[in-house]
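Visitor: I have the sequence and the fold open here and would like to talk through them. Could you walk me through what stands out?

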Amino acid sequence: MQKRSLCDLAPGERGTVTALTADAGMRRRLLDIGFIPGTPVTCIGRSPFGDPAAYLIRGTVIAIRKKDGRTVRLDREANRP
Amino acid sequence: MTPTKPCRTVALAGNPNVGKSTVFNGLTGLRQHTGNWPGKTVETATGQFQTPGGCYILVDLPGTYSLLAHSAEEEVARDYLCSNAADAVIVVCDATCLERNLNLVLQIIELAPDRPMLVCLNLMDEAARKGIALSPEALSRALGLPVVGLSARRPRELARLTAALDALIAPPAAPTLPRYPDDIEAAIAAEMAAASCPRRQALLTLSHDPAYTDRIAAALIAQAESIAHAACAAPGCGYAPADRRIDRIVTGRFTAYPVMLVLLAGILWLTVQGANYPSAWLSSLFGVLEELLSRGLSAIGAPAWLRSLLGEGILRTLGQVVSVMLPPMAIFFPLFTLLEDAGFLPRIAYNLDRPFCACRACGKQALTMCMGFGCNAVGVSGCRIIDSPRERLLAQLTNSLVPCNGRFPTLIALITLFLVGGGGRWDGLAAALWLTAFILLGILATFGMTRLLSASLLRGMPSAFTLELPPYRPPKLGQVLVRSVLDRTLFVLGRAAAVAAPAGLLIWLLANCSFGGTSLLGHLAAFLDPAARLIGLDGVILLGFILGTPANEIVLPIIVMTYAAEGQMDGALSLDALRPLLTAHGWDAGRALCVMLFSLFHWPCATTLLTVRRETGSWRQTALAAALPTALGVAVCAAVNLLFHLMV
């Protein structure tokens, strides 16, 4: 199983959250949005400059910067059994 | 007649972007007022409404995803819900993403399980369109709370909410209390015993303990998930294909910036074109009023100086401010509110986050900058949406670098007089393009100044950033009109008029008190003249900017009045009459350009400065907010002036 982070998802790709490595403040915010292990996330597009990108999680579209997206570890859907 | 009972207080809670304010406005109508939470810079709105069952005071809590984090909004919401101030709570949920909303519902149940509580499942129509099949009854069973499913955009459906509220007297019989894994429950019990505090306090303490943070959040969300599954027959898709198509254009790599630019130019064009006729009409109306006032006063034998003071001093200044300001505001604010309601503004923040991030700031500054186009004071208080204190301050200090509605009329008038050829059919478009260019210059200056501050006084790196991109929603025209006219247009106009009348009096006094054969106004202008010439202005213009500090709208009227007091002006003020008057005082394209640039970059108006003071709590920052744009303006105008002198 290949370990990746949120910002490695290309638009249209799906993945499942496995862990968070963010520090307390950002971690709390990500948890409140619903980034908990087992949650599916889809990247739905990037902003004109490529950063931030928009992700569909639990029915909501949230924009997250690359820097913060790196702290969300996930499995890519294609690599799941 | 039933005896009047005291009103019950009901708190309205919910996630951001779930239509909470639609519910609030729908229930309270116009019987509401906004203010600040005591000691906090978080907006609060309270309103009253009457139902067959009694009277209610509705308290609109700030929209939050959770009650456990540290932001000012969440603290306000948590403190209010923990206090016993509310007799009941309505939690507004978005039917299109129920699961995430239930997280907050569970947290609120947890805070006070024995308080009457009701869930309002909003946006049922939108959910149906997305193929989400929800059963309010099943949700009610799963939560152990009354649930009302509705679309708050349809006023008739709110009746079911008020009926449910009237029935909501007793605490819920058995609300679904969140349960945690055994070891967390044991830790909660231990903490309750050790600190002898209620469960909710123990939970809050534990949720900030890194050992438990993730697992408490995960347990809550897992329960929200299973409750949502119980209530949801078909999950549908979260991101509608129509939204996807719009986003592909509005946030597309090559289309995003052109689309934003066209949108901006379009709004400005509508504002400029549309404002012409009502402006002329209002101006002649005030002319008639002045005439009537003068006749009425002479009929009762008032002395000439009083007639002049009231008519030419106060009423004329007021008339100029109202006729110049009201039409563009009455067009701009509704258009802006329309974009806001439709969901475009978060996309603008999304598109502009990267450039702002490069300036070490936050993309949400794009939103406060856009609010600044309406009114810089509104923009500065809007900076509360930015979480990081450093980035908030950056946004506050640079807000006045984009022109507000009070400055558009000056810019538009001078563009029409000096930069656009007379009378062609494309003049309106050319004027709008010029105005767009000035605004782009303001935006550029915002970026530059933000970057400069980040490298000097406010050093730091951009903080974390999450931004929700809500679904596009067709805005409700009626509500947009009412809200933008009441909340914004009348507010700003009232402020300007309140300032214009005394300013008119002061200017009249300065113009009419003289010694040595010259008016005080003339003396002051002569004193300022040498300095003003260096930056391409003259003493009268600089004096106009100084006296116009209370409200930028009156800068041009003051200048015109001062010139006119020197014996050039008769009759009503119109653009056609302005050109010869200004050229007679040495105006050319170069000077007009300097005036426009100085109008764009100078100290903010008094209201904006006071807002900066209130928001930052510091006179030092307020002084900085005045000094930065002024320094930029002086530098730019001096350079342009030099350039024109070299060319001629």
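This is a predicted model: local features need pLDDT of at least 70, side-chain atom pairs count only at pLDDT 80 or more; totals for chains, interfaces and linings use all residues.

Visitor: At what angle do the axes of helix α17 and helix α18 of chain B cross?
Guide: The axes of α17 (residues 408-419) and α18 (residues 427-455) of chain B cross at roughly 125° and come within 10 Å, where axes are lines fitted to C-alpha atoms, for helices over the stretch in contact, and angles run from 0 to 180 degrees between N-to-C directions. α17(B) and α18(B) are therefore oblique to each other; angles under 35 degrees count as roughly parallel, over 145 as roughly antiparallel, 65 to 115 as roughly perpendicular and the rest as oblique. Helices (H or I, at least four residues) and strands (E, at least two) are DSSP runs, numbered from the N terminus.

Visitor: Which residues of α17(B) and α18(B) meet?
Guide: From α17(B), B:Leu411, B:Ile412, B:Ile415, B:Thr416 and B:Leu419 meet B:Ala431, B:Trp434, B:Leu435 and B:Phe438 of α18(B), a contact meaning that the C-beta atoms of two residues, placed from the backbone, lie within 7 Å. The residues of this contact divide into eight nonpolar, one polar and no charged, with Ala, Val, Leu, Ile, Met, Phe, Trp, Tyr, Cys and Pro counted as nonpolar, Asp, Glu, Lys and Arg as charged, and the others, Gly among them, as polar.

Visitor: And what about α16(B) against α18(B)?
Guide: Helix α16 (residues 389-398) of chain B packs on α18(B) at an angle of about 135°, with the axes 10 Å apart. The contact uses B:Leu394, B:Leu397 and B:Thr398 from α16(B), together with B:Thr446, B:Met449, B:Thr450, B:Leu453 and B:Ser454 from α18(B). By class, the residues of the contact of α16(B) with α18(B) are four nonpolar, four polar and no charged.

Visitor: How many residues of chain B are in contact with chain A?
Guide: On the chain B side there are 31 residues, in contact with 30 residues of chain A. At least two residues each are supplied by α3 (98-111), α9 (213-231), α11 (256-299), α13 (344-358) and β10 (466-468) of chain B. The side of chain B that touches chain A has 16 nonpolar, seven polar and eight charged residues.

Visitor: Which strand of chain A is joined to β10(B)?
Guide: Strand β5 (residues 60-64) of chain A is joined to β10(B) by three bridges, and the two run antiparallel; strands pair if DSSP finds at least two bridges between them. Within this pairing, A:Ile64 stands opposite B:Thr466.

Visitor: What does A:Thr16 stand opposite in β3(A), and in β6(A)?
Guide: A:Thr16 stands opposite A:Pro40 in β3(A) and opposite A:Asp75 in β6(A). Strand β2 (residues 14-20) of chain A runs antiparallel to β3(A), joined by three bridges, and five bridges join β2(A) to strand β6 (residues 72-76), also antiparallel.

Visitor: Where is the cis peptide bond?
Guide: The bond from A:Asp51 to A:Pro52 is cis, with omega near 0°, and A:Pro52 sits in the loop between β3 (40-46) and β4 (53-57) of chain A.

Note on methods:
Residues are numbered from 1 along each chain as its sequence is written. Chains are lettered from A and ligands numbered from 1 in the order in which they are written.
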